[in-house]
Structures are given as structure tokens and as C-alpha cells.
Amino acid sequence: LTGIPGLQHLHLWISIPFCLLYLITLAGNSTLLCLIKADPTLRLPMFFFLSMLSVIDLVMSTSITPNMLNIFWFHSTAISLDACLTQMYFVHASSAIESGVLVAMALDRYVAVCNPLRYLSILTRPVVAALGLATLLRGVVFMSPLTFQIRRLPLCSPAVVNHSYCEHMAVLKLSCRDTDFSNTYSLSVSTYVGTFDSLLIVLSYAFILRAVLGLSSSQARKKAFSTCSSHLCIMSLFYIPGLLSMYIQRYHLELPPHVPVLLANLYLLIPPAFNPLIYGIRTKQIRDAARRVIYWRR
């Protein structure tokens with residue numbers, strides 16, 4: 001692994017924000033999980049999906065950041081093929097699972113806002129468990145073929161991946177055979193997941209905003225708009241950079257080599273760090289739970 005091609009001389013400086021984002025990810029998501037486990041009032045479907053999101057964020061960020069920091073700080077660029085394929089699998093599978101969890105969370109908010117009296121009768125435990133299992137299986141089923149395809153391909157030397165982690169298309173460039181099928185499959189699945197899921201999310205929030213516009217309180221409307229806009233912004237940081245990075249590599253756009261790599265890092269590092277803030281700390285139930293836990297400890 002070369003790190004960030006063309007910016008090797010800036011690796012030490014780049015490592016500072018990367019390390020800070022990782023520490024924020026660990027602290028924020030771990031705290032959120034502990035709060036949800038400790039407070040019995042946080043047993044609603046919303047917090048089940050939030051727990052799933054926190055676990056996936058921890059897995060996704062941990063699968064790449066320690067290894068990247070090892071490259072930036074100690075120039076330890078070597079990685080075995082098995083470790084590379086394992087990292088690639090966890091990165092892409094967790095990305096697909098996170099996308100599904102974001103859809104489930106948007107559905108949860110839609111039911112809570114547009115049909116609050118039937119919230120618990122619609123999102124029952126079996127329904128919530130089925131949604132969680134479906135998002136998990138979809139990520140595993142969609143992304144497993146990517147790893148198996150590369151495992152069967154002969155790789156040429158020099159085995160140098162021009163990336164900061166084992167991203168599928170970057171690793172695929174090492175193959176001595178035609179890789180059009182693998183590239184097409186990867187791009188098709190990523191486009192389908194990103195486009196379909198983001199459309200469902202936007203549709204859910206459109207219905208939410210329509211319901212909010214009917215509220216008589218201007219303060220309630222302002223709060224709802226603020227919440228929806230922050231949710232959509234953090235989701236945009238997850239979907240747009242990841243898809244742009246793949247399209248740039250697939251169609252060989254004339255851009256500096258570090259651009260797709262930085263975009264690929266952006267969507268894996270920023271959302272996991274900000275998700276606990278956007279979905280957790282800004283939620284009144286989470287803030288109240290934190291006060292109760294602190295009070296109990298005292």
C-alpha cells in the first residue's frame with residue numbers, strides 16, 4: 001500500500017486529522033452504545049438502529065484507520081494478500097450495511113413523525129429484527145463475490161496498490177487477466193445501493209417535511225428543518241464521495257491520483273465521527289439518558 005499517491009511528503013500532516021477523526025469515532029460511538037445499554041428507557045426501534053449504526057461505524061473505521069496511520073507514521077506499507085482481502089471485505093460490506101441502516105433509520109423517523117400513534121404497533125420487535133437482519137444479509141450477499149473474484153484472479157508483480165487501504169478497484173488493477181466483469185459488478189452494485197437507498201431516504205424525509213409544514217408552531221418547524229438538513233448533509237458525505245471515487249477510477253478521469261483516494265477516505269472517516277453527534281447528542285432522549293446515567297453514577 002502506497003498511502004496517498006502524490007502526497008507521501010504530507011503523510012505526517014494528513015495523519016493528524018485522520019487520527020483525530022478516529023479518536024472521535026471511537027469515543028462517540030462507544031459512549032452512545034454504553035448509554036443505550038445502560039438506560040432502560042432507550043429500548044425503542046430508533047435506538048436499536050442507532051446501535052447498529054454505531055457498531056458498523058466502529059467496524060468500518062477500525063478496518064482501515066489503524067493500518068493507514070501505520071503507513072503514515074512508520075512507513076509500514078507491506079500487507080499480506082489475506083489481510084488485504086479481509087480489509088477489503090469489511091470495508092465494502094460494512095459500507096453496504098451502513099447504507100441499509102440509514103434507510104431503516106429514515107423509515108423509523110417517517111413512522112414516528114407521520115404516524116406517531118401507531119409507531120410501536122408498526123415497528124414491532126419482529127419487524128425491527130427483520131429490517132436489521134435484511135440490511136446485514138444484503139451487505140454480505142452483495143459484497144462477498146467481490147472478494148471471491150479477486151481471490152481467483154492471478155496477480156502480477158509488482159504488487160503495489162496505489163491507495164491508502166485495500167479498495168476493490170485499486171486491488172483489481174494488479175490482476176493479469178481481464179477484469180471488466182469484476183469492475184462492472186462492483187460499479188453496478190455500488191450504484192444500485194447508493195442510488196436506491198439515497199432515493200428512499202430522500203423520499204422519507206420529503207414526507208416528514210410535508211408533515212412538519214402542517215405544524216402550527218414555527219419553533220417546531222425550525223427544529224424539524226434543522227434536524228432533517230443535518231441528517232441529509234451527513235448522508236450526502238457518505239454517498240457522494242464514495243460513488244465519485246469509484247467513477248473516477250473506473251473511467252480514468254484526468255485528475256491527480258490523490259483525488260479518488262482522498263474521496264474514498266472521506267466517506268469512510270467523516271460520517272462515523274459525526275454520526276454520534278448528529279443522531280445521538282442532538283436527540284433529547286440521549287441527552288436525558290446521559291444525565292440519568294451520570295446521576296446514577298454519583
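1. In this predicted model, helix α2, which covers residues 45-62, packs against helix α10, which covers residues 258-281, at an angle of about 155 degrees, and their axes lie 9 Å apart. Because angles over 145 degrees count as roughly antiparallel, α2 and α10 are described as roughly antiparallel to each other. The crossing of α2 and α10 is left-handed.

2. On the α2 side of this contact stand Leu50, Leu53, Asp57, Met60 and Ser61, and they meet Leu268, Leu269, Pro271, Pro272, Asn275, Tyr279 and Gly280 in α10. Sorted by class, the residues of the contact of α2 with α10 comprise 8 nonpolar, 3 polar and 1 charged.

3. Helix α10 also packs with helix α1 (residues 11-38), where the two axes come within 9 Å and cross at roughly 40 degrees, and this crossing of α1 and α10 is left-handed. From α1 the contact draws on Phe18, Leu21, Ile24, Thr25, Gly28, Asn29 and Leu32, while α10 supplies Asn265, Leu269, Ile270, Pro272, Ala273, Phe274, Pro276 and Gly280. The contact of α1 with α10 holds 10 nonpolar and 5 polar residues, with no charged residues.

4. Please also look at histidine 75, which sits in the loop between α3 (65-74) and α4 (81-114). Is histidine 75 buried or exposed? Its relative accessible area is 62%, and because exposed means over 50%, histidine 75 counts as exposed. Although histidine 75 and histidine 11 are 64 residues apart along the chain, their C-alpha atoms are separated by 9.4 Å.

Terms used: Residues are numbered from 1 along each chain as its sequence is written. This is a predicted model: local features need pLDDT of at least 70, side-chain atom pairs count only at pLDDT 80 or more; totals for chains, interfaces and linings use all residues. Side-chain values use heavy atoms; hydrogens and water are left out. Axes are lines fitted to C-alpha atoms, for helices over the stretch in contact, and angles run from 0 to 180 degrees between N-to-C directions. Helices (H or I, at least four residues) and strands (E, at least two) are DSSP runs, numbered from the N terminus. Angles under 35 degrees count as roughly parallel, over 145 as roughly antiparallel, 65 to 115 as roughly perpendicular and the rest as oblique. A crossing is left-handed if the near helix is turned anticlockwise from the far one by less than a right angle, and right-handed if clockwise. Contact means heavy atoms within 4.5 Å. Ala, Val, Leu, Ile, Met, Phe, Trp, Tyr, Cys and Pro count as nonpolar, Asp, Glu, Lys and Arg as charged, and the others, Gly among them, as polar. Buried means under 20% relative accessible area, exposed over 50%, partly exposed in between (1.4 Å probe, protein chains only).
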